[in-house]
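Subject: Handing over a structure, with notes

Dear colleague,

Here is the structure that I promised to pass on to you.

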Amino acid sequence: MLRRHLLAGAAAGLAARPALAELAGLDPRLPDGTRDVARLGTLPGKGPLIQLSDRPPNYEAPLDAFRTAITPNDRFFVRYHLALIPDMDKLRDWKLEIGGDGAERSVTFTLAQLQRDFPHAEVTAVCQCSGNRRGLFQPHVAGVEWGVGAMGNARWTGVRLRDVLARAGVKQSAIEVAFNGADSGIVQETPDFVKSIPLGKAMHPDTLLAWGMNGQPLPHYNGFPVRVVVPGWTATYWMKHVNAITLLTKPEDGFWMKAAYRVPKGLFPTDLPFASQVTAANEPITQIMVNSLVTNLRDGERVRAAGFEVQGIAWDGGHGIRTVEVSSDGGTSWRAATLGENLGVYAFRPWHMRVVPGHAGPVRLMVRATSNAGQAQATQLVPNPAGYHHNVIQTLEVTAA
Ligand SMILES: Nc1nc2c(c(=O)[nH]1)N[C@H]1C(S)=C(S)[C@@H](COP(=O)(O)O)O[C@H]1N2
Ligand SMILES: [Mo]
């Protein structure tokens with residue numbers, strides 16, 4: 001009842017309490033159950049986020065977190081698979097161990113050593129959950145029913161993974177690099193969250209071990225003290241609280257590689273297929289698909305018939321954004337939006353466009369981003385069992401008056 005009341009209030013343009021406005025704006029396509037349990041929650045060190053579950057913590061960013069191309073640290077989404085998240089005190093004596101049968105030797109680093117012994121590197125990159133927008137899938141797919149906010153864009157500071165791996169010595173026979181973090185399950189049977197990437201991606205100069213996020217230490221819930229940053233790839237590989245890195249000569253075969261985070265083989269384009277993990281049926285999810293989001297308007301919002309501004313962001317898996325086009329007639333005609341500051345090929349690219357309906361009544365807005373690789377957003381959902389890669393062109397109906 002309360003929810004319906006709030007929705008009605010928001011639709012009528014009434015001033016709902018700010019804390020509740022975000023929930024009133026939850027996408028109507030989300031499953032009913034999700035809409036009922038979602039609440040505005042705060043984790044220590046975080047501002048208000050939309051809480052989808054608490055153990056493990058899964059919190060997405062509300063739309064207003066995307067008004068800027070850099071997502072503020074305290075509005076950055078939080079996603080965990082395992083419920084036992086080590087506290088800060090334990091992490092004070094954090095160490096990173098590197099070894100494996102693909103390494104010449106085992107080495108260990110403290111945070112101070114990482115910061116002192118290697119050249120620093122920085123990259124601005126989107127960290128987006130593979131399942132972002134899963135809640136918008138029709139028919140619904142099981143999993144965390146994310147809306148549009150399981151993503152964020154930050155400036156990550158740290159050291160290159162390849163420089164650190166070089167200290168352990170990378171053998172010719174190494175094919176993958178696996179990461180483990182300090183979090184764990186409550187029951188013994190929960191498979192530990194271990195993820196691997198192909199050696200080629202691990203050696204890429206933009207792949208980092210980062211301790212800094214937008215000039216600050218990583219927030220606890222975003223991986224303090226150090227996380228892996230794999231620009232262009234979905235966030236499942238961005239291991240938080242990473243404390244063990246293993247050079248492998250055989251494919252990592254834990255649950256989170258073999259059974260989870262897979263897409264039907266060949267369904268989604270990628271620059272770097274994860275060859276050592278491909279099976280007859282499927283392959284690991286890798287690169288982020290081109291996408292965009294309107295950040296200043298919601299479905300049902302009132303706009304001025306004399307003209308209004310549409311603002312948003314667009315991003316992809318590392319080619320950068322070539323064009324963002326907006327339609328105000330339900331997809332019949334398209335005009336190019338003006339692109340804003342370019343923070344690099346892995347980052348959110350802001351854009352804006354002025355629309356003049358010139359008449360009162362409904363206006364059907366659509367937005368379509370195209371990457372520098374010529375890939376455009378999907379016109380129709382590409383179904384896949386786990387509900388990944390939702391990048392369907394956004395349609396939004398506003399009312400001009
Ligand atoms: N240690 C650890 N790292 C992890 C995960 C996890 O459960 N544990 N989840 C991954 C997934 S699936 C996502 S979407 C991102 C979320 O990053 P964030 O919580 O900083 O937003 O972390 C990744 N790294
Ligand atoms: Mo994720």
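**Notes on the model**

The side chains of R75 and D64 are joined by a polar contact of 2.9 Å, where a polar contact is a pair of N or O atoms within 3.5 Å; within protein, one of the two must be able to donate a hydrogen and the other to accept it, and residues adjacent in sequence count only if both atoms are side-chain atoms. This is a predicted model, in which local features need pLDDT of at least 70 and side-chain atom pairs count only at pLDDT 80 or more, while totals for chains, interfaces and linings use all residues. Residues are numbered from 1 along each chain as its sequence is written, chains are lettered from A and ligands numbered from 1 in the order in which they are written, and side-chain values use heavy atoms, with hydrogens and water left out.

To stay with R75 for a moment, its place is in the loop between β3 (58-60) and β4 (78-79); strands (E, at least two residues) and helices (H or I, at least four) are DSSP runs, numbered from the N terminus. R75 counts as buried because its relative accessible area is 14%, and the cut-offs are under 20% for buried, over 50% for exposed and partly exposed in between, with a 1.4 Å probe and protein chains only. Leaving aside residues up to four places away in sequence, R75 touches several others, including G47, P48 and L49 as well as D64, a contact being heavy atoms within 4.5 Å.

V159, which is found in strand β8 (residues 151-160), is also buried, with a relative accessible area of 0%. Among the residues that V159 touches, again not counting those up to four places away in sequence, are L114, F118, T207 and W211. By contrast, the C-alpha atoms of V159 and Q138 are separated by 41 Å, although these residues are 21 apart along the chain.

Strand β20 (residues 321-327) runs antiparallel to β24 and is joined to it by six bridges, with S371 as the bridge partner of I321. Strand β25 (residues 394-400) also pairs with β24 in the antiparallel sense, over seven bridges, and there M366 stands opposite T395; two strands pair if DSSP finds at least two bridges between them.

Finally, S328 is found in the loop between β20 and β21 (335-336) and, at 35% relative accessibility, counts as partly exposed.
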